[in-house]
Amino acid sequence: KEEPEKSVLYIVGTPIGNLGDFSPRAINILNNVSIIACEDTRNTKKLLNHFTIKNKLISVNQNNIKEKIKFLIGELKKEKSIAIVSDAGMPLISDPGELLVKEAKKNNFDAICIPGPCAALAALVSSGCSCSKFTFYGFLPRSKKAKLEILNNINKSEYTSILYESPKRIINLLKDLEKICGKYRKVSLTKELTKIYEQHLGNSIDEVLK
């Protein structure tokens, strides 16, 4: 088994729905690091309980990340090993953990990725769209001006664009894309990735809206 190294920050991918996607390597690292930093301790606790992983959890989210970074960097200086996980998928993708990794690197600590599921890439490779070059936008901003700017960039781009959106706002997003990109623009809408009811709606914006 791989033993976590001292003073190393591990970026650990967790399942996005199907627990069968959790790698033995990830389970081993989470079992043996000094501390696990997570978005929501309640969510991560459910995952750990399922795999009988017992370890110390610390919540690191958008509201407390600056103060928690100081603590975690201090722990790395004490030769502790730390794993960072998100609620689901690959940490740092639309996730505040990026700041922790930057600070760790700034202090000359290694950051090692334990690869796992990523919703953006899972959706991309099953979409039928070009995978060789793409732009990932994450969740669109709420500001109309900022959102419009990104949608206009998507309209002009030669590359595949990947967006995350809430089910409550998806119809409005598709309507906005239809106005800017035209109803025949190719689009793939993916929901419930890796789960029983995984669904892929493809072809044109017009067809997906219908």
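Helix axes here are lines fitted to C-alpha atoms over the stretch in contact, and angles run from 0 to 180 degrees between N-to-C directions. Helices (H or I, at least four residues) and strands (E, at least two) are DSSP runs, numbered from the N terminus. The model is a predicted one, so local features need pLDDT of at least 70 and side-chain atom pairs count only at pLDDT 80 or more, while totals for chains, interfaces and linings use all residues. Residues are numbered from 1 along each chain as its sequence is written, and side-chain values use heavy atoms, with hydrogens and water left out.

Of the 210 residues, 41% are buried (under 20% relative accessible area with a 1.4 Å probe, protein chains only; exposed is over 50% and partly exposed lies in between). Taking contact as heavy atoms within 4.5 Å, residues 24 or more positions apart supply 65% of the contacts with a separation of 6 or more.

Now to the sheet. Five strands form an open sheet in the order β3-β2-β4-β1-β5, with parallel pairing (two strands pair if DSSP finds at least two bridges between them). The edges are β3 (57-59) and β5 (110-114), each of which pairs on one side only. Neighbouring strands are turned by 25° against each other on average, direction ignored. Helix α1 (residues 24-32) packs on this sheet and touches β1, β2 (35-38), β4 and β5, with its direction at about 135° to that of β5. Helix α2 (residues 41-50) also packs on the sheet, touching β2 and β3, and makes about 150° with the direction of β3.

Three bridges join β1 (residues 8-12) to the parallel strand β4 (residues 82-84), with leucine 9 opposite isoleucine 82 and tyrosine 10 opposite alanine 83. Towards β5, also parallel to β1, there are five bridges, and isoleucine 11 stands opposite cysteine 113. In a regular strand the side chains alternate between the two faces of the sheet. Both faces of β1 are covered, with Val8, Tyr10 and Val12 buried on one side and Leu9 and Ile11 buried on the other. Five of the five residues of β1 are buried, so the strand is largely enclosed by the rest of the structure.

Next come the aromatic rings. A search of the whole structure turns up three aromatic pairs (rings of Phe, Tyr and Trp, the last by its six-membered ring, with centres within 6.5 Å; planes under 30 degrees apart are stacked, over 60 edge-to-face and the rest tilted). Phenylalanine 22 and phenylalanine 51 have ring centres 5.0 Å apart and planes at 65°, so they are edge-to-face. Phenylalanine 22 sits in the loop between β1 and α1 and phenylalanine 51 in the loop between α2 and β3, so the pair ties together parts 29 residues apart in sequence. Both phenylalanine 22 and phenylalanine 51 are buried. Elsewhere, ring pairs link Phe136, Phe139 and Tyr164 into a cluster.

Finally, helix α6 (residues 144-156) packs against helix α7 (residues 170-181) at about 55°, with the axes 10 Å apart. The two helices α6 and α7 are therefore oblique to each other (angles under 35 degrees are roughly parallel, over 145 roughly antiparallel, 65 to 115 roughly perpendicular and the rest oblique). Residues meeting across α6 and α7 include Leu148 and Leu151 in α6 and Leu173 and Leu177 in α7.
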